[in-house]
Amino acid sequence: MHAPVRALAGATAVAALATCVISNAHQERPRFERERLAPSSLQQLREADQRIDSLERAGQLRVRRVQDDTLIPGREHERFDQYHRGVRVWGGDVARQLRANGQVVSTFGTLYDDIDLDTSPAGEAATARAIVARRSPAETAVSRDPELVVLPRDGRGYTLAWRLRATSLDALDVREYFVDAHSGRVVLEYSDLQTQAGVVGRATGVLGDAKKISVRSGSGGFITNDALRPPASLITYDLKGDTARVRDYLLGRVQLGAGDIAFDWDNTWTDGAVVDAHVYTGLTYDYLYRRFNRRGLNDANIASRAIVHPASRNSSAAERMANPLFFANAAYFGGGLVIYGVGLPDNVTSNGRSWNHTVAAIDLVAHELTHGVTDYSSGLIYQNESGALNESFSDIIGTAVEFFFQEPGSGNLRADYLVAEDAVKPSGIRSLSDPGQFGHPDHYSLRFLGTADNGGVHTNSGISNHAFYLAIEGGTNRTSGLAVQGVGASNREQIERVFYRAFTQMLPANATFSIARAATIQAARDLYGTNSAAEGAVTQAWTAVGVQ
Amino acid sequence: MSGAAIRASLATGVMVALSAVSAAAQQPAGRFTLSLGAGVQAASPALNQRFEFLRPVDQAENATADVRYAGNAALLIDGGIARRFTKDIGVGLSISRYQGDSRADVTAQIPHPFEFNRLRDVSGAASGLDRTELGYHVQVQYSRPIGTRLRLVLAAGPTLFDVTRQIVESVDVDESYPFDTATFRRARRSAAKGRAVGFNAGVDLVWTINRSAGLGALLRYARGTADLDAPSRTVTVDVGGVQACMGLRLYF
């Protein structure tokens with residue numbers, strides 16, 4: 001079997017859509033390629049829309065979600081999942097933007113053609129669970145309800161597979177497994193743990209800046225449960241270095257209770273990790289609301305929970321090795337939960353860098369929370385190009401949050417294009433302005449093609465990161481030598497809105513850099529008009545980083 | 001009537017009265033004089049105050065309020081007793097009670113709950129701010145007849161003021177996420193109390209009905225500065241002012 005991939009990337013200007021009438025019933029069905037470079041023509045858009053309607057009527061596309069556009073009143077965004085004989089096709093989805101009158105503005109997606117597959121599994125879901133459990137370390141929680149999916153095999157046809165998610169605390173990993181529903185063989189697995197790339201550094205203590213913290217008064221004191229922001233709960237838990245309890249919680253053995261919430265008697269908070277986690281989580285919520293009118297990670301005010309002090313910083317080297325995520329890292333575990341590492345002891349560095357509490361960096365906190373935004377919007381699959389885009393979007397929003405709340409400059413508590421520079425010394429862990437500073441690609445031709453790091457999700461993110469930077473600040477890409485006329489720092493919100501719109505409302509889960517280019521250009525047109533400065537900057541930026 | 005006008009009238013009255021003294025005046029029946037009267041205490045100068053307060057919702061940063069209290073004229077009740085030791089000289093004690101209410105214009109800068117130094121301006125008013133001043137006026141009196149029916153009494157001495165006054169303590173606002181703006185809801189008030197020692201000086205022009213009674217017109221200026229203790233702070237205010245009242249004088 002062969003699995004031809006159709007990457008939908010159809011879009012057109014609103015004005016053109018409203019005024020042009022093109023009908024050609026005999027034209028060949030639009031052929032969309034994954035690596036498509038430019039937005040489609042009006043005709044292609046119309047034909048793609050007709051195809052979507054046809055597939056929906058046939059039950060091959062089902063609406064997963066319809067959301068109002070939070071930036072352009074009257075518009076809404078539909079998300080469809082592709083189905084084959086009632087079974088979801090993994091990575092097959094379409095995002096369609098509609099005007100109030102129902103006219104289609106843009107369509108992006110990935111559809112798989114010519115699926116010829118029996119959807120009756122030979123094995124039971126329980127069998128698949130057992131298979132995954134056997135492959136996993138001892139302390140692993142495996143999905144109770146595996147999902148039967150059609151798994152495209154990148155040129156090797158399709159496989160009916162059970163999809164399972166396994167949380168392993170021994171390995172400190174969350175992995176997606178796909179078990180062949182006939183043979184019982186694991187045909188695909190990858191880590192879905194959305195983390196900062198781990199580097200080891202030296203801790204110098206939490207930054208001592210004064211800030212306000214929104215808490216809740218309780219019996220005899222105050223707890224870090226934000227009562228002023230709309231989410232039902234925005235809570236910071238202080239696990240006081242009890243790694244075993246954190247592990248038990250992640251495995252579902254225990255629940256965190258009121259006693260785990262950070263507490264202070266007099267509302268004068270001195271634990272920097274607690275303060276930064278709680279405050280920066282709140283500020284990230286504020287940024288999403290103020291900039292995009294988004295209400296939390298899922299746009300419906302889902303609870304947001306942070307865990308700090310998951311370990312003691314001065315734990316033994318063996319302990320750090322066993323639980324690296326709890327030290328020089330931070331991780332989004334899904335469902336609005338983020339765990340922030342405590343940093344490393346003073347005498348320990350990693351690659352010449354020291355690590356403070358990871359929550360000391362507002363961009364890092366926003367980065368992790370943005371994984372939640374992605375989870376609840378595009379669902380960018382955490383491997384290869386879509387995984388790099390997933391990471392990149394987190395870096396982009398992390399940086400945007402930093403610029404929103406801090407003055408531009410260098411040094412602590414100043415906004416720049418470094419990632420996590422307030423926690424990791426020197427220079428943080430990535431750079432949007434100069435990805436090469438960390439050995440990351442600033443051009444598509446330099447992308448990492450190996451399998452490590454889920455296909456280089458923390459590496460190839462540099463490509464779109466740099467495009468975002470260039471679209472704002474302008475400049476010349478070192479590799480291509482192409483210059484970009486950015487919109488300027490004073491107009492950065494334009495590019496932030498463009499990327500947000502594209503990444504949350506237009507990109508399909510299996511998006512490529514090319515689709516991201518098309519989607520961001522479309523978003524720029526939606527928001528600022530055809531031939532706007534934003535559209536020009538975004539287009540030039542993607543071209544400069546080699547994405548067509 | 002403004003304070004300045006009253007003070008001018010008072011001076012004029014004293015001058016006229018003193019120039020019209022007559023030896024044929026009717027003498028009161030006894031050494032004691034009981035006086036009762038009612039009138040008005042003139043508007044006091046407006047009071048401006050700037051103070052900081054901590055909102056219950058934000059214990060990290062003070063809000064600031066500027067309050068301008070209007071000085072309204074209000075009812076004054078006055079009564080007293082005096083004793084003559086000689087034909088012209090005596091001592092007396094008068095008690096005046098001023099009670100009114102006033103309005104205050106309030107502007108405030110309310111900090112944003114999530115960020116330092118991000119203030120939101122609100123403005124509004126507080127009305128019905130009760131104000132009560134009891135004045136205990138100890139006086140040395142000098143009295144002289146003016147013609148056959150009029151009698152002039154000059155008096156001066158210290159005054160003890162006992163003051164209770166409602167002041168604006170803090171400002172409540174209506175606000176909601178994302179707290180970019182706030183609107184004035186109300187001014188919270190509290191009673192501030194205090195005492196002060198000041199002075200008084202005045203003239204009482206009495207129309208003698210007979211040897212036992214007369215009708216008096218009192219013009220007095222009493223003044224002091226009081227530190228009033230409110231729950232959250234101490235407020236320094238000027239008390240007293242120009243008092244004008246008419247009433248009965250009984251001699252026994």
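How many helices and strands does the secondary structure of chain B come to?

Modeller: This is a predicted model. The secondary structure of chain B comes to one helix and ten strands. Chain B has 252 residues, and 37% of them are buried. Now take the contacts in chain B between residues at least 6 apart in sequence. Of these, 71% join residues at least 24 apart.

Next, the link to chain A. Eight residues of chain B are in contact with eleven residues of chain A. On the chain A side, four of the residues are nonpolar, three are polar and four are charged.

Now the cores. The largest nonpolar core has 148 residues. Those with the most contacts inside this core are A:I339, A:Y340, A:A471, A:I495, A:L507, A:V538 and A:A541. Helix α5 of chain A, residues 272-292, gives the most to this core: eleven residues. A second, separate one has 25 residues, including B:I110, B:V122, B:L228 and B:V235.

A:L507 is then in contact with A:A95, A:F108, A:S378, A:L380, A:L389, A:A502, A:I515, A:A516 and A:A519.

Then the domains of chain A. The assignment gives domain 1 (5-112), domain 2 (125-192) and domain 3 (195-373). Between domain 1 and domain 2 of chain A, the contact takes seven residues from domain 1 and six from domain 2. Strand β4 of chain A, residues 87-98, supplies five residues, the largest share of the domain 1 side. That side divides into four nonpolar residues, two polar and one charged.

Last, confidence. Chain A averages a pLDDT of 85, and 88% of its residues score at least 70. Two stretches need care. Over residues 1-39 of chain A, pLDDT stays under 50, and the model has 91 contacts beyond four places in sequence for them. Over residues 195-205 of chain A, the pLDDT is below 50 as well. This second stretch has 54 contacts in the model beyond near neighbours in sequence. Where pLDDT is low, the predicted coordinates should not be read in detail.

How values were computed. Residues numbered from 1 in each chain as written. Chains lettered and ligands numbered in written order. Predicted model: local features only at pLDDT ≥ 70, side-chain atom pairs only at ≥ 80, totals over all residues. Core = buried A, V, L, I, M, F, W, Y, C linked by C-beta atoms within 7 Å. Buried ≥ 20, exposed ≤ 12 C-beta atoms within 10 Å, placed from the backbone. Helix = DSSP H or I, 4+ residues; strand = E, 2+ residues; numbered from the N terminus. Contact = placed C-beta atoms within 7 Å. Nonpolar A, V, L, I, M, F, W, Y, C, P; charged D, E, K, R; others polar. pLDDT = per-residue confidence, 0-100. Domains from an automatic or database assignment.
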